[in-house]
Protein chains: 2
Amino acid sequence: MQQKEISKSVLKRLPVYLSYLKSQTDGPVNISATALATALNLGEVQVRKDLAMVSDGGRPKIGYNRINLIDDIEQFLGYDNTNDAVLIGGGGLGGALMGYTGFAEYGLNIVAAFDSNPELVGKTKGGKKIYPMSDLEQFCKDRKILMGIITVPAECAQEVCNILIECGILAIWNFAPAHLDVPAGILVQNENMATSLAVLSKHLSVQIGNIK
Amino acid sequence: MQQKEISKSVLKRLPVYLSYLKSQTDGPVNISATALATALNLGEVQVRKDLAMVSDGGRPKIGYNRINLIDDIEQFLGYDNTNDAVLIGGGGLGGALMGYTGFAEYGLNIVAAFDSNPELVGKTKGGKKIYPMSDLEQFCKDRKILMGIITVPAECAQEVCNILIECGILAIWNFAPAHLDVPAGILVQNENMATSLAVLSKHLSVQIGNIK
């Protein structure tokens, strides 16, 4: 299948469609863009365009076969191609992510973790082993790993990011609350929990201030 | 302190400043907006404005005292006021978050989890107990809980969201890959891991396609 250019905002909506479609096991066989837009409180034109981009199974007045549409979206998102990833920083949040099995559903397989802390090296979390940082490059090259997950403290994140890029990593999932500088061709997706908490916490303090 | 109107984008940068400032324990006593902007690869004017909004400790040609600036940002973000939160959905990712102790640093305290699955109810994860959903309303009202964390499957997320709002919750941290409808005054912060993985996975499939 030819790779089409697609915006990040479309990519962000597709998993939302997918989870809704998967939840409709007791629903009708076919679903229209209109019905999907209504259920998810999204614009109908937008949903129609998004679906047309990932599937050619839409029929006028009938819509999409639900099961086929799920397949098309999953194939488009590459969920059927499992991505092996290495995780750097096996303590705290990293350890929690290593133990989380739900990523498999989205085609992510954390194959191993790496850490500079000798107290963590050699341990196993969620069935995955923590190796020393010195093993990272060989491991990535042997296993052709292209995705790295950063769960180290913010002050080490750029250094770890540079190492990952040297190891051939092309996509980085960054959980450290730090801005990462990367060359063209490398994608960083930030998952900044500290930021989310700041937004929530500030909202609460404003709301509590309003109540008082 | 008077609550100022502040944009989400400023709130997203403040934790980045904070983590950098905290990492500079061996650095100079004072730090300027220019130095901070350079270190974090951000615009100088933006950093200057952000800092002026949260602290009045900046002095011309000297900058901010690092320790005082950390205090000012933390106070502004409400990290010194701990927010108690309930978590709904104690399996999988929810269980992982319950066991993660790093949230305390950002003023978040997950006090209890709730789940509709009788196999999870009564269990303890990360020192926190999982209660039945029927206990949620009384618990939130007794403890004056204002923040809820949603880690249930996408198809249950809106229902759980509605229940949380009935219980008096004002801020929702949503890990379910679903759009949530909420009334005015309620803030939803989405942490959509499926979306992040879709973006990363798509980037890889395009990059691999380019290489082949």
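Predicted model: local features only at pLDDT ≥ 70, side-chain atom pairs only at ≥ 80, totals over all residues.

Colleague: Which strands of chain A does helix α6 lie across?

Modeller: Helix α6 of chain A, residues 136–143, lies across β3, β4 and β6 of chain A. Its direction makes about 160 degrees with β4(A).

Colleague: What is the order of the strands in the sheet of chain A?

Modeller: The general idea is that strands of a sheet pair through backbone hydrogen bonds, either parallel or antiparallel. In chain A, seven strands form an open sheet in the order β5-β6-β4-β3-β7-β8-β9, and the pairing is mixed. At its edges are β5 and β9 of chain A, each of which pairs on one side only.

Colleague: Over how many bridges do β3 and β7 of chain A pair, and in which sense?

Modeller: β3 (residues 83–88) and β7 (residues 147–150) of chain A pair over four bridges in the parallel sense. Within this pair, A:Leu87 stands opposite A:Ile149 of β7(A). Strands β4 (residues 108–115) and β6 (residues 128–132) of chain A also run parallel, joined by three bridges; here A:Phe114 is placed opposite A:Tyr131 in β6(A).

Colleague: Which sense, parallel or antiparallel, applies to β5(A) and β6(A)?

Modeller: The pairing of β5(A), residues 124–125, with β6(A) is antiparallel and rests on two bridges. A:Thr124 faces A:Lys129 of β6(A) as its opposite residue. The two strands form a hairpin with two residues between them, and A:Gly126 in the turn has a positive phi of about 55 degrees.

Colleague: What is the order of the strands in the sheet of chain B?

Modeller: Chain B has an open sheet of seven strands with mixed pairing, ordered β5-β6-β4-β3-β7-β8-β9. Its β5 (124–125) and β9 (187–190) each have a single partner strand, so one side of each is left without a neighbour in the sheet. β5(B) is joined to β6 of chain B by two bridges, and these strands run antiparallel. B:Lys125 has B:Lys128 of β6(B) opposite. Helix α6 of chain B (residues 136–143) packs on the sheet and touches β3, β4 and β6 of chain B, with its direction at about 160 degrees to that of β4(B).

Colleague: How many salt bridges does the structure hold over all chains?

Modeller: In general, side chains of opposite charge can pair when their charged atoms come close. The structure holds eight salt bridges over all chains. One of them joins the side chains of A:Glu74 and A:Lys22, at 2.7 Å from N to O. Because A:Glu74 lies in α4 and A:Lys22 in α1 of chain A, the pair ties together parts that are 52 residues apart in sequence.

Colleague: How many residues of chain A are in contact with chain B, and what area is buried between the two chains?

Modeller: Contact involves 59 residues of chain A and 59 residues of chain B. About 5500 Å² is buried between them, and carbon and sulfur atoms give 70% of this area. In chain A, A:Leu197, A:Leu200 and A:Lys202 lose the most area to chain B, together 12% of what that side buries.

Colleague: How many salt bridges and polar contacts cross this interface?

Modeller: The rule finds zero salt bridges between chain A and chain B, but 20 residue pairs in polar contact. The largest share of the side of chain A that touches chain B comes from α8(A), with 17 residues. By class, that side has 36 nonpolar, 17 polar and six charged residues.

How values were computed. Residues numbered from 1 in each chain as written. Chains lettered and ligands numbered in written order. Heavy atoms only, no water. Contact = heavy atoms within 4.5 Å. Buried area = accessible area lost by both parts, 1.4 Å probe. Salt bridge = Lys/Arg side-chain N within 4 Å of Asp/Glu carboxyl O. Polar contact = N/O pair within 3.5 Å; in protein donor to acceptor, adjacent residues only side chain to side chain. Nonpolar A, V, L, I, M, F, W, Y, C, P; charged D, E, K, R; others polar. Pairing = 2+ DSSP bridges. Axes fitted to C-alpha atoms, helices over the stretch in contact; angles between N-to-C directions.
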